[in-house]
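Me: I have a chain to go through with you. Please look at it with me and take my questions as they come.

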Amino acid sequence: LRDYCYGRADMFADRGDEHPRYTRADVDGWFAEKIEADPNAQYAIELTIDLAQIIPHVAGPNEVKIITPLPEIEAKKVRVNKAYLLSCVNARLEDLTEAAEVLDGKKVAEHVDFYVAAASASIEQEAKRTKVWHKLEAAGAKTLPSGCGPCIGLGEGTLEGSEVGISATNRNFKGRMGSRDAQVYLASPAVVAASAVAGYICAPQPFESCEISVEIKKASKQPAASKAVNILEGFPQEVRGRLLFLPKDNLNTDGIYGKEFTYREDLTPDEMGRAAMLNYDPKFQEIAREGDIIVGGRNFGSGSSREQAATALAYRGIRMVIAASFSQTYKRNAFNNGFIVFECPELVADLNAANASNAEAATIPIEAAAKVNFSKSCVDYNGKSYPFAPLGEVPQRVIVAGGAEELTKKKLAGA
């Protein structure tokens with residue numbers, strides 16, 4: 001890693017950057033500092049995995065969290081229409097080289113469109129210098145300029161209708177790379193290249209499935225009981241509202257605020273509110289009411305860091321989001337934009353159990369009103385009190401100010 005950083009620093013110096021991103025001296029400073037956990041650090045869970053047992057997997061369709069071993073999915077011969085080796089990930093020089101080695105002397109299947117774009121212009125130049133780019137083009141790759149493109153559903157090469165794509169990008173959420181009816185799988189550059197040649201998802205070399213042995217240790221120490229919370233002026237003591245249950249784990253930001261709106265800067269807050277959740281559930285807008293409280297599953301807000309996934313819900317009139325857990329990026333974006341979110345896994349578990357027979361529904365209105373009591377850090381619903389971690393002074397202050405930007409403005413103005 002140090003040598004890689006040195007190489008990048010040398011590149012900045014060689015091309016004469018007036019303000020280089022970093023220098024060799026910066027690199028030396030990074031590596032001089034020893035980074036390690038505190039001696040008394042507590043861990044919620046410890047995993048021990050035998051890495052020798054792990055073989056390549058493919059993620060999808062349309063879910064990062066659903067993975068299948070290559071031998072298993074290869075046996076199904078999942079036909080692909082488009083293959084992608086591009087975006088900010090898996091399009092480094094070593095990735096392009098790996099794919100070129102798989103493609104060397106071969107041709108992409110006639111029914112497959114294979115799109116390639118380097119992660120940056122400098123990587124594309126180096127790939128051309130080393131003839132890697134030539135091997136990709138000779139195999140039938142369609143080259144695109146570096147930068148955001150099909151990965152975020154922009155420009156040439158997006159998926160249409162019910163097409164199937166295999167991609168070396170970092171996201172494959174429903175509707176992100178084109179049609180909501182399309183299916184997208186994620187794989188390594190070598191697997192993407194091999195699949196483009198074969199016309200179906202396959203490995204560049206044989207692999208055998210095996211059971212992975214995992215040792216799991218969970219923390220025995222229980223969290224301390226919550227104390228009464230001091231509520232700042234302007235922050236609500238309690239909030240009442242109807243619960244809007246979204247029984248979906250890993251609900252991603254593409255589902256909350258779709259790609260077709262992400263780069264639109266001409267939308268009013270009201271228009272942004274009307275776009276909320278359409279990619280996740282086209283019926284959401286009909287069901288949602290002003291003042292509703294969304295309750296989501298685990299890892300709510302995973303995926304791309306787009307602040308509109310929080311602000312669009314606020315503009316739609318959603319009071320807050322409660323979930324079993326959040327993507328930390330989404331949670332930070334929410335508070336930074338003055339939108340309340342917090343974890344309450346026990347409430348989510350009970351709602352899942354109570355609505356098990358309605359598992360196919362994407363949005364479930366719970367007509368019985370709930371009360372969120374911030375001073376006592378609990379949600380009162382259906383005769384039961386569900387505790388959550390207290391919101392302390394810092395998040396309260398951000399919410400009262402209307403977000404981190406407004407809070408910063410007030411501080412700079414001396415307010």
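Me: Where is Met-277 found?
Reply: Met-277 is in the loop between helix H10 (269–275) and helix H11 (284–287). Helices (H or I, at least four residues) and strands (E, at least two) are DSSP runs, numbered from the N terminus.

Me: What kind of model is this, and how is the numbering done?
Reply: The model is predicted, so local features need pLDDT of at least 70 and side-chain atom pairs count only at pLDDT 80 or more, while totals for chains, interfaces and linings use all residues. Residues are numbered from 1 along each chain as its sequence is written, and side-chain values use heavy atoms, with hydrogens and water left out.

Me: Back to Met-277: is this residue buried or exposed?
Reply: Met-277 is buried, with a relative accessible area of 0%. Buried means under 20% relative accessible area, exposed over 50%, and partly exposed in between (1.4 Å probe, protein chains only). Met-277 also has a positive phi of about 70°, although it is not a glycine.

Me: What about Asn-382: where is it, and is it buried or exposed?
Reply: Asn-382 is placed in the loop between S15 and S16. At 65% relative accessibility, Asn-382 counts as exposed. Its phi is positive, about 55°, and it is not a glycine either.

Me: Which residues does a cis peptide bond join?
Reply: Gly-60 and Pro-61 are joined by one, with omega about 5°. Pro-61 is in the loop between strand S2 (57–59) and strand S3 (67–69).

Me: Let us step back. What does the whole chain look like?
Reply: The secondary structure comes to 16 helices and 16 strands. The C-alpha atoms fill a box of roughly 70 × 55 × 50 Å along the principal axes. Of the 415 residues, 44% count as buried. Among contacts (heavy atoms within 4.5 Å) with a separation of 6 or more, 73% are accounted for by residues 24 or more positions apart.

Me: How many residues does the largest nonpolar core have?
Reply: The largest nonpolar core has 57 residues, and those with the most contacts inside it are Phe-300, Tyr-330, Phe-342 and Phe-374. Such a core is a set of buried Ala, Val, Leu, Ile, Met, Phe, Trp, Tyr and Cys residues joined through side-chain atoms within 4.5 Å. Apart from it lies another core, of 39 residues, among them Trp-133, Ile-166, Tyr-185 and Val-192.

Me: What does Tyr-330 contact?
Reply: Leaving aside neighbours within four places in sequence, the contacts of Tyr-330 include Thr-253, Ile-256, Phe-300, Ala-309, Leu-313 and Val-341.

Me: How many aromatic pairs are there?
Reply: The count comes to eleven aromatic pairs. Rings of Phe, Tyr and Trp (its six-membered ring) pair if their centres lie within 6.5 Å; planes under 30 degrees apart count as stacked, over 60 as edge-to-face and the rest as tilted. The rings of Phe-300 and Tyr-330 have centres 5.4 Å apart and planes at 75°, so this pair is edge-to-face.

Me: Why does that pair tie together separate parts?
Reply: Phe-300 lies in the loop between strand S11 (293–296) and helix H12 (308–315) and Tyr-330 in helix H13 (residues 328–336), so the pair ties together parts 30 residues apart in sequence. Both Phe-300 and Tyr-330 are buried.

Me: Which residues do ring pairs link into a cluster?
Reply: The cluster consists of Phe-235, Phe-342, Phe-374 and Phe-388. Phe-374 and Phe-388 are both buried.

Me: New topic, helix H5. Which residues are buried there?
Reply: In H5 (residues 121–129), Ile-123, Glu-124 and Ala-127 are buried. They cover an arc of only 100° around the axis, which puts them on the same side of H5; the arc is that of the directions from the helix axis to the C-beta atoms. On the other side of H5, Gln-125 and Arg-129 are exposed.

Me: What do the buried residues of H5 pack against?
Reply: They pack against helix H4 (93–103) and helix H6 (132–138).

Me: Last one: is Cys-88 buried or exposed?
Reply: Cys-88 counts as exposed, at 60% relative accessibility. It is in the loop between strand S4 (82–85) and H4. Not counting residues up to four places away in sequence, Cys-88 touches Ala-119 and Asn-170.
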